[in-house]
Amino acid sequence: MMGKKVMALLQNATKLNQIIQIHALIIKTSLDGNNFVLAKLLRGLFACSSTNDLPYARSVFDEIPSPDTFIWNTMIRAYLNSQKPQESMSLFFQMRIQVCIPVDSFSFSLVIQASGRLKDPGNGRKLHSLLLKMGFGSDLFVETALVEMYAKFGNIEIARKILDEMGHPDLVPYNVLLAEYVRVGEIKLAHDLFDRMPERDLVSWNTMIHGYASLGDVGAAKKLFDRTSERDLVSWSSMIAAYAKTRQSNEALRLFHEMQLANILPDKVTMVSVLSACGDLGALGMGKMVHEYIERNRIEVDVKLGTSLVDMYAKCGDIDNSLKVFNGMNNRDVFAWSGMIMGLANHGHGELALDHFSKMISEDIKPNDITFIGVLSACSHIGLVDKGWTYFTSMEEVYGVSPKIEHYGCMVDILGRAGRLQDARELIRSMPFAPDAIVWRALLGACRIYKNVKIAEESTVNLLELEPHEDGNYVLLSNIYSQAKEWDKVVNVRRMMKNINIQKVPGSSSIEVDNAVHEFVAGDKSHPDSEKILRMLGEITDRLRHAGYAPLTASVLQDFDDKEKENALAHHSEKIAIAFGLISTAPGSDIRIVKNLRVCDDCHIAIKLISRIYNRRIIVRDRNRFHHFVNGSCSCKDYW
């Protein structure tokens, strides 16, 4: 009678403290010799506890006078499910030496899985030989575990052979091998197996969608996604992640909307991808809606999701909310700290970024290479040359982080901003690897600010070897020649571009209004409000001229007359986006623009004046950094 009562209590228990109280009752009522009750107790412990509570369960197991095969298997499985395969393996071998405790097919299936996860082919082959001797070679569970084990060892052919020789395999071994093919990147073998499977379930489809998505083949993943008649959270999340990772952010957000219409509730994994897409587009309104959704649906904000929120707000130009989320996080790892430091640096808050680095170190969080990109960028933005050198040398000496080419690029930028062009050039020559285009472009940018034609020419020669068709490099050099009034060299640059048929990368600027992202290119007239935008552009041009603005026509490399050059500059994509922002948002509100290229010199001058004329804070994210235009000034201090 008491046994039935205890079993009922265990069946209804949902919390660890309840299970512990029932354990006390079991001991008190002398049921601690009943293996049936004890097996139920162990399963209850595993269901209600975390990995950290396993020692308690193990102590219960160790006190059982005569555990049977089922109880041994229960404990072995608990270790396997808790990602402790070594303990599973050890317990199996203890079980083997027990008198009158026979191992069964389930015991073997568990220990074979443990061997696969440990990548222990020595023990794996011994176990395979042992189970064949004991007559378990044709058991479905054992064969399925063997397929997985050999696949994890990298012995794909053996895994495939075992599957082919199985008498009547169900879907499980097919899906196991399919998943292993995907895990090791053998997508062709996976697709061949998928095509010849006698049947497929949702797991099969999701494995293939995830496989193609993880390799960046979004087209193939989407074809499978569209073909499947059933989709669950994994299907939708894999597809959204694929679009987000390949920066097809509009598609990611569109699919997220479809997912909601299909009444599939997203989880935190989905939300990480959606926030990444919002950050990429600079879609602050949508990002805020996603954040509200997370809070409304009480989705757990773990370190990864919290870091994604920090990153989204920073990339969307809202550094205040980024800091608010960061400060509200209970746990912060190196990625969260690095994201915050990088965000502050990109927004021009160099001192605050360095303060955060100091706090991070004081909390015993070891920095990584990303952290130091943020730290060195912060030093660059506020002109801390000596401090930058100190951080750079401390990377390897203090923190064991080897400087990469990105860190050398930051140091070149720091020296260049300070006017130490010769030192920057010497650093490039002393680098332990060949400089890339980013390094040379940083030096070329410094030459533009300090009007150093000689080093600019040397930088350009190296830059054009690496990027002969990148139009921005020619534009930078042409601007340097224009500043130096070396007009014959300006003409030569234009001729060079024409002779090798340099196609200018089209500049595009986007702005989010009422949670919809509007994208414009130079001279764009495709928007439904195009007439209103053009009228506002005309007004902006007039008011700029009255404020003393003179278009930088020398920066236009096309063979136009001065009037055509002025018109081309007036219709740059960022100016069109700002005009749309002015007619579509409330007076005095912020305007946020995302530009795919570096903001040109003419637009930079114009936007500073527009911010003062229209009393608007204009936040522009270009290829290099954030620009906060307020009352005629820019946070970059005219160096970007």
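Predicted model: local features only at pLDDT ≥ 70, side-chain atom pairs only at ≥ 80, totals over all residues.

Residues are numbered from 1 along each chain as its sequence is written, and side-chain values use heavy atoms, with hydrogens and water left out. The protein has 34 helices and six strands; helices (H or I, at least four residues) and strands (E, at least two) are DSSP runs, numbered from the N terminus.

**Overall architecture**

- The C-alpha trace of the protein spans about 95 × 50 × 50 Å along its principal axes.
- Of the 640 residues, 52% count as buried, where buried means under 20% relative accessible area, exposed over 50%, and partly exposed in between (1.4 Å probe, protein chains only).
- Among contacts with a separation of 6 or more, 62% come from residues 24 or more positions apart; contact means heavy atoms within 4.5 Å.

- Six strands form an open sheet in the order 2-1-3-4-5-6, and the pairing is mixed; two strands pair if DSSP finds at least two bridges between them.
- The edges of this sheet are strand 2 and strand 6 (633–634), each of which pairs on one side only.
- Strand 1 (residues 508–513) is mostly covered, with six of its six residues buried.
- Ser508, Ser510 and Glu512 point one way from strand 1, while Ser509, Ile511 and Val513 point the other way.
- Strand 1 pairs with strand 2 (residues 516–521) in the antiparallel sense over six bridges, and Ser508 stands opposite Val521 in strand 2.
- These two strands form a hairpin with two residues between them, and Asp514 in the turn has a positive phi of about 50 degrees.
- Strand 1 also runs antiparallel to strand 3 (residues 591–595), to which three bridges join it.
- Within strand 3, Lys595 is the bridge partner of Ser509, and Ile593 stands opposite Ile511.

- Helix 33 (residues 573–584) lies across strand 1, strand 2, strand 3 and strand 4 (618–621), and runs at about 15 degrees to strand 1.
- Axes are lines fitted to C-alpha atoms, for helices over the stretch in contact, and angles run from 0 to 180 degrees between N-to-C directions.
- Helix 33 packs with helix 34 (residues 601–613) at an angle of about 20 degrees, and their axes are 10 Å apart.
- Helix 33 and helix 34 are therefore roughly parallel to each other; angles under 35 degrees count as roughly parallel, over 145 as roughly antiparallel, 65 to 115 as roughly perpendicular and the rest as oblique.
- Their crossing is right-handed; a crossing is right-handed if the near helix is turned clockwise from the far one by less than a right angle, and left-handed if anticlockwise.
- Glu574, Lys575 and Ile578 in helix 33 meet Asp602, Cys603, Ala606, Ile607 and Ile610 in helix 34.
- This contact has five nonpolar, no polar and three charged residues; Ala, Val, Leu, Ile, Met, Phe, Trp, Tyr, Cys and Pro count as nonpolar, Asp, Glu, Lys and Arg as charged, and the others, Gly among them, as polar.

**Helix 17 and helix 19**

- Helix 17 (residues 268–281) and helix 19 (residues 303–315) pack at an angle of about 15 degrees, with 8 Å between their axes.
- Helix 17 and helix 19 are therefore roughly parallel to each other, and helix 17 passes helix 19 in a left-handed crossing.
- From helix 17, Lys268, Met271, Val272, Leu275, Cys278 and Gly279 meet Lys304, Leu305, Ser308, Leu309, Met312 and Lys315 of helix 19.
- The residues of this contact divide into seven nonpolar, two polar and three charged.

**Two buried helix residues**

- His356 lies in helix 22 (residues 350–362) and counts as buried at 5% relative accessibility.
- Not counting residues up to four places away in sequence, His356 touches Leu323, Phe326, Trp337, Met340, Ile341 and Leu344.
- Ile480 is found in helix 29 (residues 471–483) and is buried, with a relative accessible area of 1%.
- With residues up to four places away in sequence again left out, Ile480 touches Leu444, Cys447, Arg448, Val453 and Ala456.
- The C-alpha atoms of Ile480 and His407 are separated by 26 Å, and these residues are 73 residues apart along the chain.
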